[in-house]
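Dear colleague,

Please find below the structure that I am handing over to you. I would be grateful if you would read the notes that follow alongside it.

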Amino acid sequence: MIVRIMGEGQVKLDDAHFTELNKLDDELLAELESGDEAGFRRTLGALLDAVRRLGTPLPDDALEPSELILPAPDAALGEVRDMLGDDGLIPG
């Protein structure tokens, strides 16, 4: 799956990693719902770090369609809330 981190670029991520990412996504959703800004920052950073660590960066000039778009590391709580689907940021 091709994942875009807004403001950074794209990475190719194997579907096998989505169990780990979904756990972080569930934490992020709970923090958003409770308005826990510090927890939100920590978990968003951990989620983006996991995508970077587990994924393979695509070249800057690659124009692959992104199947999943994640917020920038400095995204505000309200911006991320607007990006959420029924399953959080990561489907599944």
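This is a predicted model: local features need pLDDT of at least 70, side-chain atom pairs count only at pLDDT 80 or more; totals for chains, interfaces and linings use all residues.

Four strands make up an open sheet, arranged in the order E3-E2-E1-E4, and their pairing is mixed. At the edges are strand E3 (residues 56-57) and strand E4 (residues 68-70), each of which pairs on one side only. In general, the strands of a sheet pair through backbone hydrogen bonds, in either a parallel or an antiparallel manner.

Strands E1 and E2 run antiparallel and are joined by four bridges. Within this pair, Val-3 has Val-11 of E2 as its bridge partner. The two strands form a hairpin with three residues between them. Gly-7, in the turn of that hairpin, has a positive phi of about 85°.

Strand E1 also pairs with E4: these two strands run parallel, and three bridges join them. Two positions can be followed across this pairing. Arg-4 stands opposite Ile-69 in E4, and Ile-5 stands opposite Leu-70, also in E4.

The helices

Helix H2, formed by residues 37-54, lies across E1, E2, E3 and E4. Its direction is at about 135° to that of E1.

In helix H1, which covers residues 18-34, I would draw your attention to Glu-31. Is Glu-31 buried or exposed? Its relative accessible area is 10%, and because buried means under 20%, Glu-31 counts as buried. Apart from its neighbours within four places in sequence, Glu-31 is in contact with Asp-36, Gly-39, Phe-40, Arg-42 and Thr-43.

The largest pocket

The volume of the largest pocket is about 170 Å³. Its lining consists of 13 residues, and those nearest the centre of the pocket are Glu-8, Gly-9, Gln-10, Val-11 and Leu-58. Strand E1 (residues 2-5) and strand E2 (residues 9-12) are the elements that give two or more residues to this lining. Which of the elements supplies the largest share of the lining? That element is E2, with three residues. By residue type, the lining divides into seven nonpolar, four charged and two polar residues.

With kind regards

Methods. Residues are numbered from 1 along each chain as its sequence is written. Side-chain values use heavy atoms; hydrogens and water are left out. On a 1 Å grid over the protein atoms alone, a cavity is a set of points where a 1.4 Å probe fits but cannot get out, and a pocket is an open set with protein on both sides within 12 Å along at least five of seven lines; lining residues have an atom within 4 Å of a point. Grid points are joined across faces, edges and corners, and a volume is the space filled by probe spheres set on the points. Ala, Val, Leu, Ile, Met, Phe, Trp, Tyr, Cys and Pro count as nonpolar, Asp, Glu, Lys and Arg as charged, and the others, Gly among them, as polar. Two strands pair if DSSP finds at least two bridges between them. Contact means heavy atoms within 4.5 Å. Axes are lines fitted to C-alpha atoms, for helices over the stretch in contact, and angles run from 0 to 180 degrees between N-to-C directions. Buried means under 20% relative accessible area, exposed over 50%, partly exposed in between (1.4 Å probe, protein chains only).
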